[in-house]
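Colleague: I am new to this structure. Could you take me through it step by step?

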Amino acid sequence: MDNKITNALGAFSPKKIFILVFIFLGGLWVANSFRNNQNIIIVGVAADYEPFAFLKDNKPKGFDIDLIQAVADKLNARVDFKLIAFEMMFPFLERDEIDIAIGSITPTPEREAFADFSAPYFTGKRSLLVNADGPIENLNGLKEKTLGVQKDSLHEEVANSDWRRVLS
């Protein structure tokens, strides 16, 4: 029998979820001690990456939001979400304006140089979606087109490197 939980986000092994929660608990415990002993965790989120983090009725929602809230509940802590642009996550962390950043942030060597990451809890693949009735049938159809990606994300890096090599 397969030992994975599968839902719309993909497959999550119980081991990955346990490791993630354990790391989050440790990070939140440390974060709690710095906010005037009020058990407040300041969480930075770029709420533009559904289903992980998005706005609904002007409030952050999504898988990562539910996860951080569940961990905070276990710590009897309150979460204060700070909505910030994705490209500002690491500067906010560096200036200690937030305790934790969430929203499906992929570790890279540059990011790991000054931030601790939880164990990966989701592994996805990049896809390009196009209108089935549109003129783009393959990667060559992207020549001279503009792609929309999240600034300073891995998607921007891929759009500026891997795809350009394919299209050259």
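Modeller: What follows is a short exchange about the model shown above.

Colleague: What should I know before reading it?

Modeller: This is a predicted model, in which local features need a pLDDT of at least 70 and side-chain atom pairs count only at pLDDT 80 or more, while totals for chains, interfaces and linings use all residues. Residues are numbered from 1 along each chain as its sequence is written, and side-chain values use heavy atoms, with hydrogens and water left out.

Colleague: What is the average pLDDT of the protein chain?

Modeller: The average is 76, and 70% of the residues score at least 70. Here pLDDT is the predictor's confidence in each residue, from 0 to 100.

Colleague: Where is confidence lowest, and where is it highest?

Modeller: The lowest mean, 44, belongs to strand β1 (residues 5–7), and the highest, 95, to strand β6 (residues 59–61). Residues 1–9 have a pLDDT below 50, and this stretch makes 16 contacts in the model beyond near neighbours in sequence. A contact means heavy atoms within 4.5 Å.

Colleague: How many helices and strands are there in the protein chain?

Modeller: There are six helices and eight strands. Along the sequence they follow the pattern β-β-α-β-β-β-β-α-β-α-β-α-α-α. Helices (H or I, at least four residues) and strands (E, at least two) are DSSP runs, numbered from the N terminus.

Colleague: Which strands form the parallel sheet?

Modeller: Three strands form it as an open sheet, in the order β7-β3-β8. Strands β7 (78–83) and β8 (100–102) are at the edges with a single partner strand each, so one side of each has no neighbour in the sheet. Neighbouring strands here are turned by 35° against each other on average, direction ignored.

Colleague: What joins β3 to β8?

Modeller: Three bridges join strand β3 (residues 40–45) to β8. Two strands count as paired if DSSP finds at least two bridges between them. Within this region, G44 stands opposite A101 in β8.

Colleague: Which helix packs on that sheet?

Modeller: Helix α2 (residues 63–74) does, touching β3, β7 and β8, and its direction makes about 150° with that of β7. Such angles run from 0 to 180 degrees between N-to-C directions, and the axes are lines fitted to C-alpha atoms, for helices over the stretch in contact.

Colleague: How far does α2 reach?

Modeller: Helix α2 has 12 residues and reaches 17 Å from its first C-alpha to its last, close to the 16 Å expected at 1.5 Å a residue. The expected span is 1.5 Å times one less than the number of residues.

Colleague: Which residues of α2 are buried?

Modeller: They are D64, I65, L67, I68, V71 and A72. Seen down the axis of α2, these buried residues fall within an arc of 165°, so they line one face of the helix. The arc is that of the directions from the helix axis to the C-beta atoms. The face turned away from the buried side carries the exposed residues D66 and K74. Buried means under 20% relative accessible area, exposed over 50%, and partly exposed in between (1.4 Å probe, protein chains only).

Colleague: And what share of the protein chain is buried?

Modeller: Buried residues make up 31% of its 168 residues. One of the buried residues is R111, with a relative accessible area of 9%. R111 is found in helix α4 (residues 109–112).

Colleague: Let us change topic. Which strands form the antiparallel sheet?

Modeller: That open sheet has three strands in the order β4-β5-β6. Strands β4 (48–49) and β6 stand at the edges with a single partner strand each, so one side of each is left without a neighbour in the sheet. Two bridges join β4 to strand β5 (residues 53–56), and Y49 stands opposite A53 in β5.

Colleague: Where does P51 lie, and which peptide bond there is cis?

Modeller: P51 lies in the loop between β4 and β5. The peptide bond from E50 to P51 is cis, with omega near 15°. Most residues other than glycine have a negative phi, and most peptide bonds are trans.

Colleague: What is the phi of N76, and what is that of D96?

Modeller: N76 has a positive phi near 55° and is in the loop between α2 and β7. D96 has a positive phi near 60° and lies in the loop between α3 (89–94) and β8.

Colleague: Are these two residues buried or exposed?

Modeller: N76 is exposed, with a relative accessible area of 63%. D96 also counts as exposed, at 59% relative accessibility.
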